[in-house]
Amino acid sequence: MSDPLPAADTVTDAVNDAATAAATAVATVELELPVAVVGSLSPSRAADFKTCPLLYRFRSIDRLPEKPTRDATRGTVVHAVLEHLYDLPAAERTIAAAQSSVTPSWEQLLTAEPRLAELFAEDSEGAELTAWLSSARQLVANYFELEDPTRLEPESREQFVEVVLDGLRLRGYVDRLDVSPDGDIRVVDYKTGSIPREAFEAKALFQMKFYALVLWRTRRVVPRQLRLIYLADKDTLSYQPDAEELARFENTVQAIWKAIAKASLTGDFRPSPSRLCDWCSHQALCPAKGGTPPPFPADALSNATSERSARGSVVVPEV
Ligand code: SF4
């Protein structure tokens, strides 16, 4: 025999409960809807646009391949060595241990990106590769004059950070994050190039402020220190940001994106020649150097919007 029908007020209560639950569920779903992303920027690509809009176009929209360089590749090897140095127990983080991982890191990179072999294609005797590996080991040794890795326990290394602010996705990889017991954050970046002269410090700090902004917006804590470690010069550059400055910086980044979006609609990415042209792989296509750019891609904005991560590629030198 079936159960008797429930009383009308019981049904009404059940409907109300279901409606309330549904409304709650809808509200929850609405809260979880992703923010519409209209653009994506890493510090490298934002800096490209600031340096030369046409360079940004070649890299982020046309996505033209760039020849690997020995300097950029050595930088990747040294970054890998310093990243994995902190896999070791503190007492084992010695210069010898770090230097011994230079050659394996290079071989691993070569396996992942076989075309890097072209860097030493002419080096039949292997002397240039030997000298290059030795210079990487020297950079690693220099690191120990700037920090004592046995006294540090980073929170993370090669940390991917990302936030969407007003539809703009900001993303990047932080070389190292240190967090003190009090929760103070230090953002650390290793550089294998020379320390910038004073006039170029702001440019060097652009990347660090970018990371500081992402961390501030995701963790609600302004990083206490931004620290650039210049291995070749055995020197450091430190900076202490504040919330007001990062808020202004956020406006700057949004303005850069708006300029990129506008240029993507019109195709108007102008060359901005500077001494950095010497390192540009695209001089043959640049009107400032007598070249002609390829036809502007129809899907320019979507290419710019779906910007690929710069990490993982060693063939993009930072000019
Ligand atoms: S050569 Fe100079 S001006 Fe031309 S795209 Fe490259 S960086 Fe820009």
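Biologist: Ala, Val, Leu, Ile, Met, Phe, Trp, Tyr, Cys and Pro count as nonpolar, Asp, Glu, Lys and Arg as charged, and the others, Gly among them, as polar. How do the residues of the shell around the ligand divide?

Modeller: Ten are nonpolar, three polar and one charged. Bear in mind that this is a predicted model: local features need pLDDT of at least 70, side-chain atom pairs count only at pLDDT 80 or more, and totals for chains, interfaces and linings use all residues. Residues are numbered from 1 along each chain as its sequence is written.

Biologist: Which residues around the ligand come nearest?

Modeller: Of the 14 there (C-beta, placed from the backbone, within 6 Å), Cys-52, Pro-271, Cys-277, Cys-280 and Cys-286 come nearest.

Biologist: OK, switching to H7. Which residues are buried in it?

Modeller: Ala-136, Arg-137, Leu-139 and Val-140 are buried (20 or more other C-beta atoms within 10 Å of a residue's own; 12 or fewer is exposed). They fall within an arc of 150 degrees seen down the axis of H7, so they line one face of the helix. The arc is taken from the directions from the axis to the C-beta atoms.

Biologist: And what's exposed on the other side of H7?

Modeller: Ala-127, Thr-130, Ala-131, Ser-134 and Glu-145.

Biologist: What covers the buried residues of H7?

Modeller: The cover includes helix H4 (70-85), helix H5 (95-100) and helix H6 (102-112). Helices here are DSSP runs (H or I) of at least four residues, numbered from the N terminus.

Biologist: What is Val-78 in contact with?

Modeller: Leaving aside neighbours within four places in sequence, Val-78 is in contact with Ala-136, Leu-139, Val-140, Tyr-190, Thr-192 and Leu-231 (C-beta atoms, placed from the backbone, within 7 Å).

How values were computed: Helix = DSSP H or I, 4+ residues; strand = E, 2+ residues; numbered from the N terminus. Contact = placed C-beta atoms within 7 Å.
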